[in-house]
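Please open the structure in your viewer and keep the sequence beside it, so that each selection can be checked as you go.

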Amino acid sequence: MNDHNPHGIPTIKASEFKAKCLKLMDEVADTGQEIIISKSGRLIARLVPYRKRPESLFGIDKGKIEILGDIIEPLDVEWEANR
């Protein structure tokens, strides 16, 4: 790959991408690192790994969030808006 864009994502010229596209698709799938494709010095496309979208956002973070303490009882803190 030739360069990096301002976001630090690897950039490759379209001609090089054309010659190596199957290998690059495997690399993106394996590493999860996207690649930006340029043509005539312009950034024109991104190759990103495929991720299946969830059917619903409900429960998407199940198992990722942990509740610490009691979230039902009021806090013993006076709010500025109540003053």
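The tour below passes through a predicted model, going from its strands to its core and then to its charged pairs.

**Stop 1: the strands.** Begin by selecting β2, residues 10–13, together with β3, and you will see two strands that pair in the parallel sense over three bridges. Within this pairing, look for I12, which stands opposite I37 in β3.

Stop 2: Keep β3 on screen and select β4, residues 42–47, which pairs with β3 in the antiparallel sense over five bridges. If you colour β3 by accessibility, you will find the strand mostly covered, with four of its five residues buried.

**Stop 3: the core.** Which residues form the largest nonpolar core? Select I12, F17, L24, V28, I35, I37 and L47, the seven residues that make up this core. Both α1 (14–31) and β3 (35–39) supply at least two residues of this core, and the largest share, three residues, comes from α1. Centre the view on F17, which is found in helix α1 and counts as buried because its relative accessible area of 18% is under the 20% cut-off. Leaving aside neighbours within four places in sequence, F17 is in contact with I12, L24, I37 and L47. Moving on to I37, and again not counting residues up to four places away, you can trace its contacts with I12, K13, A14, F17, R42, L43, I44 and A45.

**Stop 4: the salt bridges.** Finally, show the charged side chains, among which a search of the whole structure finds three salt bridges. In the first stop along the helix, K20 forms a salt bridge with E16, the closest N and O atoms being 3.1 Å apart, and both residues lie in α1, four residues apart, about one turn of the helix. Select next E27 and K23, whose closest N and O atoms are 3.7 Å apart in their salt bridge. The remaining selection is E34 with R46, a salt bridge with the closest N and O atoms 3.3 Å apart. This pair links distant parts of the chain, because E34 sits in the loop between α1 and β3 while R46 is in strand β4, 12 residues apart. Here E34 counts as buried at 17% relative accessibility, whereas R46 counts as exposed at 57%.

How values were computed:
Residues are numbered from 1 along each chain as its sequence is written. This is a predicted model: local features need pLDDT of at least 70, side-chain atom pairs count only at pLDDT 80 or more; totals for chains, interfaces and linings use all residues. Side-chain values use heavy atoms; hydrogens and water are left out. A nonpolar core is a set of buried Ala, Val, Leu, Ile, Met, Phe, Trp, Tyr and Cys residues joined through side-chain atoms within 4.5 Å. Buried means under 20% relative accessible area, exposed over 50%, partly exposed in between (1.4 Å probe, protein chains only). Contact means heavy atoms within 4.5 Å. Two strands pair if DSSP finds at least two bridges between them. A salt bridge is a side-chain nitrogen of Lys or Arg within 4 Å of a carboxyl oxygen of Asp or Glu.
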